[in-house]
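The report below goes through selected local features, beginning with the surroundings of a single residue and moving on to cores, a sheet and a helix pair.

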Amino acid sequence: MIRTLIIDDEQHARDEMAALLADTGEFELLGTCANAMEAIKAINRDHPEVIFLDVNMPVLSGFDLLGMIDQERMPYVIFVTAYDEYALKAFEEKTLDYLLKPVEPDRLEMAVRKIKGALEGGSQQSFETHPLTRIPCVTANRVRLVDLNQIEYVHSDLSGVHVVGGGTESYTELTLKILEARSSLTRCHRQYLVNPDQIDEITLLEHGLAEIRTRSGRRLPVSRRYLKRLKDLLSF
Amino acid sequence: MKLAFILLQHLAFFLVVAYLFSKSPAFRPMVRLAEDPLGQRQKLFLYFIFASISIAGTYFGLSLEGGEANTRAIGAVLAGLIGGPFLGTAVGLTSGLHSYTLGGLTAFASGISTPMEGLLGGLVHLHLVRRGQAGKVLNPGVALFTTMAAEVLQMLVILALSRPFDEALLLVKKIALPMILANGAGSALFLSLLRDLKGSRDKVGAKFTAQALSIADQLLALLSKGFNQETAQQMAEIIRRETKVGAVGITDREKILAFSGIGNDHHRAGIPIAAEQTKAAIRENRVIYADGKKDPYQCALSDNCPLGSALAVPLRRDQEVIGVIKLYEPRYQLFLNLNRSLGEGLAALLSHQLLRSSYDEQKNLLVQAELKLIQAQVNPHFLFNTLNTIIAVIRTDPDKARELLRHLSNFFRKNLKRSGDLATLGEELDHVRSYLEIEEARFGDRLNVDFEIDESLLGLVMPTFTLQPVIENAIKHGLAEIIGAGTIYIRARRENGLAVIEVEDDAGTYQAPSDDSGLGMGIVDKRLKNQYGDTYGVNIEFSPGEWTRVSIRLPAPSGGRS
C-alpha cells in the first residue's frame, strides 16, 4: 500500500479523489488537507510517499507548497488541476505526473504505475527551489504571508515554530531547517534563527557563548557551535 | 467763412484716403487696437500713410499773404492718436520740416508746431490707454477736440514765433477759426469713416460665421444618421438653402447620391459620375474649382445645362475619398469666394465627423470583442471544476447532482446571450444565482451568499453581463483566495435618484488590477458609461484585510420610492 495524502481546497474534489484512489486498491490514505498550511504540517508529521496536489489553492499554491518542504521528506508529487495551463510548469518542476480534473480512472492507473516504478527505483526527485521571501504564518485563525525583512527571529519549542517580528508573534508550519536553507535567516542556536539585518548588538559571554540583542530589544542566546559562523557572516 | 468751406472741400480728399486705408492690411490691427500694441512694421506703414496725408494737407493749403491755411494737422494728430506719441511726433516732424522748406512767414512756426500737434495726439493716446479706454482712440469726438486743441496750440506758436508780430496777428485772425473747425471736422470724419468700415466688416464676418455654424450643425445632425442617399439629399438641400448657390450635388465614388437646385432635370440621383472635374477630385484627392472664365465648366450630361461654374470638394474618411460635394452657379452668376471657402470648410468638417463616427464604431466593436473574450476566458477552469464537483456529488446525492446540472445548463444558456442585449435586474440575478449555486457547491462552507434586493428594481434594465463579471471577480479574486469562510453580499437599492447595485465580500484581498484580472470589470464600466454617460458605471472601494465593495450605478427606473 502506498502511503498517500490528498491536498485540495474543494471538499468534493478531495472526496472524489479519495474515492478514485480507493477504487485502485493501491493506496493507504493518511488524510486530506484543505490548504497548503495543513499540508506542510501533515507531510512533516506523517511522511507520505506520494501526494495528490491541487495547484490552485488560497494563499499558497501547490507550487509554493513544494518550496516549503524539506528535500529529505519530499514525497512524490502528482499535480491535479482542472485546467492544463499548469501542465507545462508542472513538468518543469519535475513532478512525477499530473492529472486533469475530472480524473479518468484509466489515466489514474497510469499514474499509479509511475509511482510504483519511482518507489521501487528509489529515484530522487529534485525540485528547483526558490529562496523564500514571505513566510506563511498563522495569527488569530488567519493565514498571512509575512515579509522576511519584517521578521526578527524564529524559534522552536515543544508547541511548534514561532515567528517574532513586526511587534507580533505568530506560528508557522515551516521547520527551522527549511527556513534556514531557503531564506537569509541564520542559525544562532539549536532552537533559534535570527535575521542578520535585525541584529543590534552581540555580547560575548563566558565559555564561548554570546547573546544577541535585536533592534526591538529582544535577547537571543548564541551557542558556541554557531558563534563562529555568526562571526564569519557578520565579519567581526 | 469762405475759407472754411474751401478747406472742408479739401476734406473729400482725406475721406478717399481713409476709405483706401480701410482696405489695406494695415487697417487690420486697428480692429484689435484695444488689445494689442501695434507692431513695428505696422507703425512704419502708418508713419508713411499719415506723413503723406499731412504733407498733402500742406499742398492743399491756400496761400494767403505771407502764410497759408491748411489741413496739415489732421495727419499728425491722427498719427499720434492711433500710433502714440512717438509716431505722432515723427509724422509731425516730417511734415513740419517739409513745410519749413517751403518758406514764408509762418515757416519756422509750422516746423515747430506740427511736431507738437503730433505729440499732443500721442499724449491723448497714452492717457486713454493708461485709463484702459484704448478703444476711444478711434472715437471721432476725441479726434475732433484733440485736433481743435492742436490747432489752437498752433495759432499760439505762430503768434509767439513769427515776426513781425502785427502780420502774424493779422494772419491768425484770418485763419484761426476756419483751420480749427476744418481740421477738427476732418479728423472726426476720417475716424468715423474708419470706424463704420470696421463695423461693417465685423458684421459681415459675424453673419458669415453664424451661417457656417448653422449649416455645420444641421449637417452633423444628419451625418450622425449615416452617409447614404437619403441623408445626402437632405444635406444638399440644406447647403443650397443656406449658401443660396445655384445647385448642390453630392456623390459617392461612383454615382450621384443627391442633387438639389438648377439643372435637376438632368442631374439626377443614381446617375454615374460623368464630370471630369468630379472624377479628378476623387482620383487626386483635392479640391477642384472651375470658375467659368479661366476654367470653363461644361456639364457632361447636357449641352443646355445652365450651370456655368463649379467647385468640387472631396469628402474623406480617414484619408480615403468616399465622395464629392459639388457647388454650382449658373452662367450668369458669379461664384462667390465666400461660398468657395465655405464649401471647402464644410467638406473638411464632414470628413472629420465621418472619421469620428467610424472610430466610435470601431471602439464599440472592440468593447464587444473584449467582452466575448472574457466570456470565453472564464469558462474552462470553472467548467472542469464544476464537472468534477458534480461527478463527486453523484456518488452521494444524485438529486443534488441533477440540480447542479440544471443550474450549469441555465448558466451557460444565459452566457450564450448576445453581449449587446439588454437584460433586467431580475434576469441578471437569475443568471447569477445559477452561478452562485454551483460555486456554493464547490466551496461548501467556505462560501456564504446574502441577497438584499429592492423588489421594485427587478425591472431595472442594464446591458447583459453587468452583474455576473463583478460577482465572479468577488469569488475568484476574493473568497477563493482566503483560507476559511467568507460572505458575499449582493444588494440593490435606490439612492439619490439612481439605482445602485453593490457586491461586497469580506475577503479583503483587493489589489489594483495589474494584468487581466481587472479587465472584466473595466469592460463592464466602459459599457455602462458608453450607454448611460459618465455619471454611471462601476466604482470600487476596499479596506485591505477586511472587505471589497463594488458599486454599479445605473439610471433608476421610474416608479417606486426614491
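Leaving aside neighbours within four places in sequence, T251(B) is in contact (heavy atoms within 4.5 Å) with F227(B), I256(B), L257(B), I273(B), T278(B), I322(B), G323(B) and V324(B). T251(B) belongs to strand β3 (residues 247-251) of chain B, where strands (E, at least two residues) and helices (H or I, at least four residues) are DSSP runs numbered from the N terminus. With a relative accessible area of 6%, T251(B) is buried; buried means under 20% relative accessible area, exposed over 50% and partly exposed in between, for a 1.4 Å probe and protein chains only.

This is a predicted model, in which local features need pLDDT of at least 70 and side-chain atom pairs count only at pLDDT 80 or more, while totals for chains, interfaces and linings use all residues. Residues are numbered from 1 along each chain as its sequence is written, chains are lettered from A and ligands numbered from 1 in the order in which they are written, and side-chain values use heavy atoms, without hydrogens and water.

A nonpolar core is a set of buried Ala, Val, Leu, Ile, Met, Phe, Trp, Tyr and Cys residues joined through side-chain atoms within 4.5 Å. The largest such core has 42 residues, and those with the most contacts inside it are L425(B), L467(B), I471(B), I488(B) and I501(B). Helix α13 (residues 425-443) of chain B gives the most to this core, with 8 residues. A second, separate core of 39 residues includes V55(A), M57(A), I69(A) and L132(A).

In chain A, an open sheet of 3 strands has the order β13-β14-β15 with antiparallel pairing, and strands count as paired if DSSP finds at least two bridges between them. Strands β13 and β15 of chain A stand at the edges with a single partner strand each, so one side of each is left without a neighbour in the sheet. The two pairings are set out here.

| Strand pair | Bridges | Facing residues |
|---|---|---|
| β13(A) and β14(A) | 5 bridges | I202(A) and I212(A) |
| β14(A) and β15(A) | 4 bridges | R213(A) and R219(A) |

In chain B, helix α3 (residues 40-59) and helix α5 (residues 85-102) pack at an angle of about 35°, with their axes 9 Å apart; axes are lines fitted to C-alpha atoms, for helices over the stretch in contact, and angles run from 0 to 180 degrees between N-to-C directions.
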